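Trainee: Could we look at this chain together? I would like to learn how to read it step by step.

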Amino acid sequence: MSEKRPENMERITTPELAHAFIDEKLEELRAQIGRGKVLLALSGGVDSSVVAALLVKAVGKQLVCVHVNHGLLRKGEPEQVIEVFRNQMDANLIYVDAVDRFLDKLAGVADPETKRKIIGAEFIRVFEEEARKQDGIGFLAQGTIYPDIIESGPVKAHHNVGGLPEDMNFELVEPLKFLFKDEVRVVGKALGLPDNMVYRQPFPGPGLGVRCLGAITRDRLEAVRESDAILREEFAKNGLEGKVWQYFTIVPDFKSTGVKDGLRSFDWPVIIRAVNTRDAMTATVEDIPFELLKHITARITSEVPGVNRVLYDLTPKPTGTIEWE
Ligand code: XMP
C-alpha cells in the first residue's frame, strides 16, 4: 500500500467529515479483517485509543486490546483505559499489571538511554507473551499517524510493537496512517472518546520513567506521579489545559534541607516544566501566573510525601530539552 497521503484527501476538521471518514474506515476494516482476530497494544494515548474505538465499532470482540501497565503511567491512566474500553465500549481488553516486572528490571539503572532501552524491550516482551496466549491472531493494529511516516523528528511516536519476533508475522492494520494529529482528535471526538483522552498532551513512551531522574525508586516515582496529578488538576482548573503544549513534573535524585512541621527535613525537590512548541524541536516556557505557581507549590509540598521544595524550570529549548532525560 502507498505510504503517501492521497492528494485529494480532504482535511478532517468537522464532526461531519469525521463521521464520513469513520464510515469509510469501518467498511475498509471489515473488508480487510473479515472474520479474523486483531491484536492492539492500547496505551491509552490518543492514537491507540482512536484505533481501538474504530476497531471495536468495526469488528467488536474480534479485537483484542492489550493494556500494559508498566508502572510509569500517569495517575488514573490505567483505570481510565479499563473504564472507557472495557466498561463503556465493552471491548475485549486484557489488562497486564507488569509494574513489578518493569521496576525490577530498572532497579539501579541510572543512564537515560539504557532506561529507555529496557522499557522498550520489556514492553515488547510483555506484549509478545500476551500475543502468544491468544489463538488465531492474524492482524496487528497500530496507531501510526502520518507524521510517523513522513518525519523523523523527536516527537515521532514510539510504537514499540514494531519489534515483535519474525514468527509473529501479523498483517498490519493502520487506519490512521494518513491523518495528522489534529484530525485524529476530531475523529476521536466523533467516536465518543472522553475529552481528556482526545485532547491529551504528548506523553513519552518511557513515561514517568524519564521524569524520575537517575535510578528509579518507587518512592520518588510516586512523588513524580502525585505531583504531576496536582499540576494537571491545577492547570485544568485554571484554564491552562488546552493552552500549554506540554506540562509535567520531574523529581531529581538528590535531596535538600528544609523545614516541615517545625522539624528539619531532608527531602526531594519537584521541578515543574511547562512549554509551548510547534514541532518539539524548539520550545518556549509558558508564562504561568506567579500566584498559581505559589498555590501549586503549597499543594505539592503539603500533599506529596518526601518533597520539601518546588522549582519552576525557566529554560527554553535550546538550551534545555523538553524532558530532563
Ligand atoms: P525533548 O526532551 O527531546 O522532547 O526536547 C521532545 C518531545 O519528545 C518527547 N520525548 C519522547 N517521546 N519517547 C517518546 O515517545 C521518548 O523516549 C521520548 N523522549 C522525549 C518529549 O516528551 C517531547 O514531547
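**Reading the chain together**

Trainee: Which share of the contacts between residues at least 6 apart in sequence joins residues at least 24 apart?
Mentor: Good place to begin, and keep in mind that this is a predicted model. Take the contacts between residues at least 6 apart in sequence, then pick out those that join residues at least 24 apart. That share is 76%.

Trainee: How many helices and strands are there in the chain?
Mentor: Each kind can be counted along the chain. The count gives 10 helices and 10 strands.

Trainee: Why is the chain said to be as compact as a globular protein of its length?
Mentor: For 325 residues, the globule rule gives 20 Å. The chain comes close to that value, so it is as compact as a globular protein of that length. Its radius of gyration is 21 Å.

Trainee: What percentage of the residues count as buried?
Mentor: A residue is buried when its relative accessible area is under 20%. Applied to the 325 residues of the chain, that cut-off gives 52%.

Trainee: How far apart are the C-alpha centres of domain 1 and domain 2?
Mentor: Domain 1 covers 15-198, and domain 2 covers 211-312. The two do meet: 15 residues of domain 1 are in contact with 16 residues of domain 2. Their C-alpha centres are separated by 29 Å.

Trainee: Is Asp228 buried or exposed?
Mentor: Asp228 sits in helix H9, which runs over residues 218-237. Leaving aside residues up to four places away in sequence, Asp228 touches Arg74, Tyr247, Phe248 and Thr249. Its relative accessibility is 1%, and because the cut-off is under 20%, Asp228 counts as buried.

Trainee: Which helices do the buried residues of H7 pack against?
Mentor: Let's find those residues before we look at their partners. In H7 (residues 181-190), the buried ones are Glu183, Val184, Arg185, Val187 and Gly188. An α-helix has 3.6 residues a turn, so residues three or four places apart point the same way. The buried residues of H7 pack against helix H1 (15-33), helix H2 (46-59) and helix H8 (195-198).

Notes. Residues numbered from 1 in each chain as written. Predicted model: local features only at pLDDT ≥ 70, side-chain atom pairs only at ≥ 80, totals over all residues. Heavy atoms only, no water. Helix = DSSP H or I, 4+ residues; strand = E, 2+ residues; numbered from the N terminus. Rg over C-alpha atoms; globule rule 2.2 N^0.38 Å. Buried < 20%, exposed > 50% of the residue type's maximum accessible area, 1.4 Å probe, protein only. Contact = heavy atoms within 4.5 Å. Domains from an automatic or database assignment.
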